Amino acid sequence: MILSCNNIEKTFIDNHVIKNASFHIEDYEKAAIVGINGAGKSTLLKIITGHLPADAGVVTFAKDKSFGYLAQHQAVDSENTIFAELLTVKQEVLDLEASIRQTENDMKYASGEKLELLLKKYANMTHRFEDINGYAYKSEITGILKGLGFQEDEFEKKVATLSGGQKTRVALGKLLLQNPDLIMLDEPTNHLDLNSITWLETYLLNYKGAVIIVSHDRYFLDKIATKIIEIDSGIVSSFHGNYSDYAIQKEHLRTEQMKAYLNQQREIKHQEEVIDKLKQFNREKSIRRAESREKMLDKIERLEKPTEVRADMKLTLTPYQTSGNDVMQVEGLSKRFDSHLLFENVSFEIKRGEHVAIIGDNGTGKTTLLKIINELVPMDSGIIQLGTNVEIGYYDQEHHVLHMDKTLFDEISDDYPYLTNTEIRNTLAAFLFTGEDVFKKISALSGGERGRVSLAKLMLSEANFLILDEPTNHLDITSKEILETALNAYEGTVLYVSHDRYFINKTATRILELTQQQFINYIGNYDYYLEKKEVLTPISDTAATTKTQAPSAQKLDWKQQKEAQAILRKRENDLKKCEDKIDILEQKNIALDEEMAKPEIAVNSVRLQEIAKEKEIIETELEVLYAKWEELSEAQ
């Protein structure tokens, strides 16, 4: 066991956030903490890491175990470059490398007992250097930075000039390099694109230590988690399995709890009716019997009503009128900012009833495309044509459609003046804004609350073509599920940008991947995209180099598929050859170390210098091979 939490309590004023929480984390276990926004997930992490005191209870770490913590918002402020900032984690490697070089130099001019001491020191240092992966530290840093979405030409950027999201990625990179026994991550996927999230999944799955994650990314949790720690109305419970396993167990548990609660309520109501009737008889015996029943009723331990799956949030999306079959036609669309080309000469169409998800790396132009469609950003060239009776409803991830200086009530009433005060209050109540909440300023709301206001306006718009930019950002899992249900029941057309793979899988009927300034079309959901991506990606790479448009999924012919498979096989063969070469050189290195440790060699200064030279050559070759292996691995 690496971590034990016993009887943790935390209250903020009158909000009892965590009640008598007890759970433990085993060595190498991958656990996720889940709950609605405000449930206390980040609070629990802060208590575990010592950033926040508990009101009661004990947090215990196993002896000599280290932990690393990534908060949601990082204040990484440094004049270092990105690469140099990650290099600070490798100070032991750098110091040891300098000592090894110095010792090698000293050995050239030493003899006798002094040489023996230097050789022993050298052997110990090189052994430690290998243990801490010293020969590949530059490749390790490069691999982590690329995995987290940084390009090599960004490595020399100053950390101080980065955005908040980029700084969080730098902090995550430093944490992964530290290699602690327990990693704790609070919403680690918030600032990552799909490729980086997939990379992080693989990294954490193969991580030798334990992991605790707070995340609303259900696809991510399904891939990684082996235990779910749920916070529900302050009660902390543990479930074995991933998120989907937990959801099934939770639903079953909720059903049983609700059944027991309703049965008890019926029994209480029945007893109260009997007591009232006995009292109405107004006889000595009947009154005594009523009093006896009252005492028994008082002794009953009342069950709390199980929390509903956000049953009080209601989202229904209904178009006012039906659009024509051709909803939108895009032809020859291009956009660049200064010298940076986002996309060029792209064409696609949207038909009535389709749910189309746009995916792609950060910075490829997905949000810009939606803004061009909504006439918020001008296009450089191309044509966008809307079909008959098409009415757009736009959900903006930055909530620019909201007015920060207005109250929630005014935000709705000003855009929909025909609604009565009661109708406005009922609409806001459907999105969990009641009482005096409706007079809060938009500027005072959290990201999740602003998201709910935007959803309320979207519902009122009665549009038949919804354009959504990251609609699940800042929403908790329950709110996401409500949005998914509403979209799947929606009879209009949807075009959205999202990096929430679970959401895409549930709601998309088609995927457009923006890559190499072009679109690749996949007729299906996210699982289908993953299945077909291996075939299409090599072809789209070839298309990009020849400046021709990447083919759509339905236009792939048999010959192109064969060519794609041949490219994949060649990459796999090259990767295997590279791994074999690395293995041979590493075995040679081990053999040289073993030879150096022999007593007869320890006094042979000539042979020792030869071995040192051979090891230096091997390490140089390995450095090149490690870099090549990484490049080939990323291409898979």
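These legends describe close-up views of one predicted model. Local features are taken only where pLDDT is at least 70 and side-chain atom pairs only at pLDDT 80 or more, while totals for chains, interfaces and linings use all residues. Residues are numbered from 1 along each chain as its sequence is written, and side-chain values use heavy atoms, without hydrogens or water.

**View 1. The largest nonpolar core and the surroundings of L466.** The largest nonpolar core contains 47 residues. A nonpolar core is a set of buried Ala, Val, Leu, Ile, Met, Phe, Trp, Tyr and Cys residues joined through side-chain atoms within 4.5 Å; buried means under 20% relative accessible area, exposed over 50%, and partly exposed in between (1.4 Å probe, protein chains only). L315, L466 and I511 have the most contacts inside this core. Helix α14 (residues 447-461) gives the largest share, six residues. Helices (H or I, at least four residues) and strands (E, at least two) are DSSP runs, numbered from the N terminus. Another core, of 39 residues, lies apart from the largest one and includes V76, V159, L185 and A225. With neighbours within four places in sequence left aside, L466 is in contact (heavy atoms within 4.5 Å) with L317, G393, L458, L487, Y490, T493, V494 and L495.

**View 2. An open sheet of three strands.** The strand order is β11-β10-β13, and the pairing is antiparallel. Two strands pair if DSSP finds at least two bridges between them. Strands β11 (340-351) and β13 (381-386) are the edge strands, each pairing on one side only. From one strand to the next, the twist averages 10°. Five bridges join β10 (residues 326-337) and β13 in the antiparallel sense, and V330 stands opposite I384 in β13. Helix α11 (residues 366-373) lies across β10, β11 and β13, at about 120° to β10. Axes are lines fitted to C-alpha atoms, for helices over the stretch in contact, and angles run from 0 to 180 degrees between N-to-C directions.

**View 3. The largest cavity.** The model has three cavities of 30 Å³ or more, and the largest has a volume of about 50 Å³. On a 1 Å grid over the protein atoms alone, a cavity is a set of points where a 1.4 Å probe fits but cannot get out, and lining residues have an atom within 4 Å of a point. Grid points are joined across faces, edges and corners, and a volume is the space filled by probe spheres set on the points. The lining of the largest cavity consists of E97, I100, R101, E104, Y122, T126, F129, Y135 and E619. Helices α3 (91-107) and α4 (112-131) each supply at least two of its residues, and α3 gives the most, four.

**View 4. E29 in a loop.** E29 is found in the loop between β2 (15-25) and β3 (30-34). E29 is buried, with a relative accessible area of 13%. Not counting residues up to four places away in sequence, E29 touches H24, A210, V211, T226 and K227. E29 and I212 are 183 residues apart in sequence, yet 8.3 Å apart in space, C-alpha to C-alpha.

View 5. N345, in strand β11, has a positive phi of about 55° although it is not a glycine. N345 is partly exposed, with a relative accessible area of 46%. E462 is found in the loop between α14 and β15 (465-469). The phi of E462, also not a glycine, is positive and near 55°. E462 is partly exposed, with a relative accessible area of 36%.

Conventions. 1 Å grid on protein atoms, 1.4 Å probe; cavity = no way out; pocket = protein on both sides within 12 Å on 5 of 7 lines; lining within 4 Å.
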